[in-house]
Amino acid sequence: MTQLPNKHYYDEFAGWYERHRHDGYHVLIDELESEAVRRYLGPQTRLLEAGCGTGLVLGRLAPHAGLAVGVDLSSGMLKKAHERQLTVVQGSVTQLPLADASFDIVCSFKVLAHVEAIEEAMREFARVLRPGGRLLAEFYNPLSLRYLIKRLKSPSLISERTNDEAVFTRYDSLDRIRGYLPQDVTLETVRGIRVVTPVSYAHRIP
């Protein structure tokens, strides 16, 4: 299937994105990602979520930060984030419409695996972070059940006419991730999210 530009893909996905996002596997992942960020938040913390989508993670984090802003490329996704009354702006992670050194924390989940110009995105994250700020960025692991299933499974529909093969997806080793980091960014720690789940439906079983 021909790949779509990311904006077109996620605008297409926006209507179906939350169909199974409020129980089981997806809630588990959102909670694990949110918990990883919450430990760094406080009443004065300025937080940016890059690639916030419909705001499912940003909505969990906003009450714990002094300022929480989301950026996303897709107007369709941002429509739902606006409905949640979150502070969001439209823009690309490779060209953030935000000032230098304006955030204490930048986080990005479920996004970077779909960004081809990954080094540009990492430079932008570093640019908007204040000196001493923290970046929490999720990458997909090639040595994972997720990668194996992605290689073997049939495409999954994301709308009535498009499936998940229409978006660029990359899986990165830790050595490759280190190579994406700007010179002024130091890798502090790595945290893996290990979920042994052949299919997400398994988490709906009591």
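Helices (H or I, at least four residues) and strands (E, at least two) are taken here as DSSP runs, numbered from the N terminus. The model is a predicted one, so local features need pLDDT of at least 70 and side-chain atom pairs count only at pLDDT 80 or more, while totals for chains, interfaces and linings use all residues. Residues are numbered from 1 along each chain as its sequence is written, and side-chain values use heavy atoms, with hydrogens and water left out.

Let's start with the sheet. Two strands are said to pair if DSSP finds at least two bridges between them. On that basis, 5 strands make up an open sheet with parallel pairing, and reading across it gives the order E3-E2-E1-E4-E5. Strand E3 (87-90) and strand E5 (129-137) sit at the edges with a single partner strand each, so one side of each has no neighbour in the sheet. From one strand to the next, the twist averages 20°.

Now for a look inside the sheet. Strand E1 (residues 46-50) runs parallel to strand E2 (residues 67-72), and 5 bridges join the two. Ala50 has Val71 of E2 as its bridge partner, and Leu47 stands opposite Ala68, also in E2. How much of E1 is covered? Strand E1 is mostly covered, with 4 of its 5 residues buried. Buried here means under 20% relative accessible area, exposed means over 50%, and partly exposed is anything in between (1.4 Å probe, protein chains only).

Next comes the helix on the sheet. Contact means heavy atoms within 4.5 Å. Axes are lines fitted to C-alpha atoms, for helices over the stretch in contact, and angles run from 0 to 180 degrees between N-to-C directions. Helix H5 (residues 118-128) packs on the sheet and touches E1, strand E4 (103-108) and E5, and its direction makes about 140° with that of E5. The buried residues of H5 are Ile118, Ala121, Met122, Glu124, Phe125, Ala126 and Val128. Their cover includes E1, E4, E5 and H7.

Most residues other than glycine have a negative phi, and most peptide bonds are trans. Ala101, in the loop between E3 and E4, has a positive phi near 50° although it is not glycine. With 42% relative accessibility, Ala101 counts as partly exposed. Lys110 lies in the loop between E4 and H5, and its phi is also positive, near 60°, in a residue other than glycine. Lys110 counts as partly exposed as well, at 21% relative accessibility.

The loop between E4 and H5 also holds His114. Is His114 buried or exposed? With a relative accessible area of 10%, His114 is buried. Leaving aside neighbours within four places in sequence, His114 is in contact with Asn6, Tyr10, Tyr140, Val167, Phe168 and Thr169. A polar atom of the His114 side chain lies 2.8 Å from the backbone oxygen of Phe168.

Finally, the aromatic rings. Rings of Phe, Tyr and Trp (its six-membered ring) pair if their centres lie within 6.5 Å; planes under 30 degrees apart count as stacked, over 60 as edge-to-face and the rest as tilted. The structure holds 7 such pairs. In one of them, Tyr9 and Phe13 have ring centres 6.0 Å apart and planes at 70°, so the pair is edge-to-face. Both residues lie in helix H1 (residues 6-13), 4 residues apart, which is about one turn of the helix. Tyr9 is buried at 3% relative accessibility, and Phe13 is buried at 13%.

Another pair, Tyr147 and Tyr171, has centres 4.8 Å apart and planes at 70°, so it is edge-to-face too. This pair links distant parts of the chain, 24 residues apart, with Tyr147 in helix H6 (residues 145-152) and Tyr171 in the loop between H6 and helix H7 (174-180). Tyr147 is partly exposed at 26% relative accessibility, whereas Tyr171 is buried at 12%. Elsewhere, Tyr9, Tyr10, Phe13 and Tyr17 form one aromatic cluster.

Conventions. Polar contact = N/O pair within 3.5 Å; in protein donor to acceptor, adjacent residues only side chain to side chain.
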